[in-house]
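I opened this model to look up a few things and kept notes as I went. The entries below follow the order of my looking.

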Amino acid sequence: MNANRSAAMQRIRALMAKTVANGCSESEAMAAAAKVSELMDRYGLTYLDFEIKQARCRQRQATDRRHDVNLVACAIARFCNCRHWLEGGRIQYFGLPVDVTIATYMTDLCRSAMDVGFKGFAKSDLCLWDKDVRALRKPFMVAMAYRLSERFEDMAAGRGGQQRRRMERPSFSSRMLSSRSSTSPSS
């Protein structure tokens, strides 16, 4: 984050604290709110930028043993907007509590799908292997993990486009200005 934007965020926080409840007059609070809106528009900030900074992050272990679902962890973390790493073969997620919870749930869901998928494949007519079916487990899991990762990446890319469109929506102050100009009497 550049220095100007960081300074603007500090100034906005100070202006947000100027409320009637904190001892300011109503006109001072209204002027501060107008300045907050102006600065947020100028620097492309939203209220979400300030809420995320105040939220506490959390770390959570998603797997209790080694499993090939580890190959999907990077895509799940990207989809859920959190960080991940492997610690002793176990996945650790770090991020906002709701993101970590969703990432852990998705990891459990993918692990179950991979296990059930392999069991179904091993019992099916598609499995032409006469010998020990366990020898096919690793290639099957790697292929399934690759496909699941592709799907998570596609969903993350699609969601990124939605977030960009959301950010391109007109801001509160620009909507207020346009509504005032459209409702003002024409001369």
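**Entry 1: the hairpin**

I began with strand 2 and strand 3, which form a hairpin with two residues between them. Gly-88 in the turn has a positive phi of about 65°. Strands here are DSSP runs of E with at least two residues, helices are runs of H or I with at least four residues, and both are numbered from the N terminus. I noted that this is a predicted model, in which local features need pLDDT of at least 70, side-chain atom pairs count only at pLDDT 80 or more, and totals for chains, interfaces and linings use all residues. Residues are numbered from 1 along each chain as its sequence is written, and side-chain values use heavy atoms, with hydrogens and water left out.

How many bridges join strand 2 to strand 3? I found five, and the two strands run antiparallel. Strands count as a pair if DSSP finds at least two bridges between them. I then looked up some partners in strand 3. Leu-86 is bridged to Ile-91, Trp-85 stands opposite Gln-92, and His-84 has Tyr-93 as its bridge partner.

**Entry 2: the whole sheet**

I moved on to strand 1, which is joined to strand 3 by four bridges, again with the strands antiparallel. Arg-60 has Tyr-93 in strand 3 as its bridge partner. I had already written down Tyr-93 as the partner of His-84.

Together the three strands make an open sheet with the order 1-3-2 and antiparallel pairing. Which strands are at the edges? They are strand 1 (58-61) and strand 2 (83-87), each of which pairs on one side only. The twist averages 20° from one strand to the next; axes are lines fitted to C-alpha atoms, for helices over the stretch in contact, and angles run from 0 to 180 degrees between N-to-C directions.

Helix 5 (residues 97-123) packs on this sheet and touches strand 1 and strand 3. The direction of helix 5 makes about 155° with that of strand 3.

I picked Thr-104, which is found in helix 5. Is Thr-104 buried or exposed? Thr-104 is buried, with a relative accessible area of 6%. Buried means under 20% relative accessible area, exposed means over 50%, and partly exposed is in between (1.4 Å probe, protein chains only).

Leaving aside neighbours within four places in sequence, I found Thr-104 in contact (heavy atoms within 4.5 Å) with Arg-60, Ala-62 and Tyr-93.

**Entry 3: cysteines**

I looked for disulfides, meaning pairs of cysteine sulfur atoms within 2.5 Å. The structure holds zero. Cys-80 is in no disulfide, and the nearest cysteine sulfur, that of Cys-82, is 5.4 Å away. Cys-80 is buried, at 4% relative accessible area.

**Entry 4: a positive phi**

Asn-81 lies in the loop between helix 4 and strand 2. Its phi is near 55°, a positive value in a residue other than glycine. I wrote beside it that most residues other than glycine have a negative phi. Asn-81 is partly exposed, with a relative accessible area of 46%.

**Entry 5: the protein overall**

I counted seven helices and three strands. From the N terminus the elements run α-α-α-β-α-β-β-α-α-α. Of the 187 residues, 28% count as buried.

Last, I checked pLDDT, the predictor's confidence in each residue, from 0 to 100. The mean for the protein is 77, and 76% of the residues reach 70 or more. Where is confidence lowest? It is lowest in helix 7 (residues 172-183), at a mean of 44, and highest in helix 4 (residues 73-79), at 93. Over residues 163-184 the pLDDT is below 50, and this stretch has nine contacts in the model beyond near neighbours in sequence.
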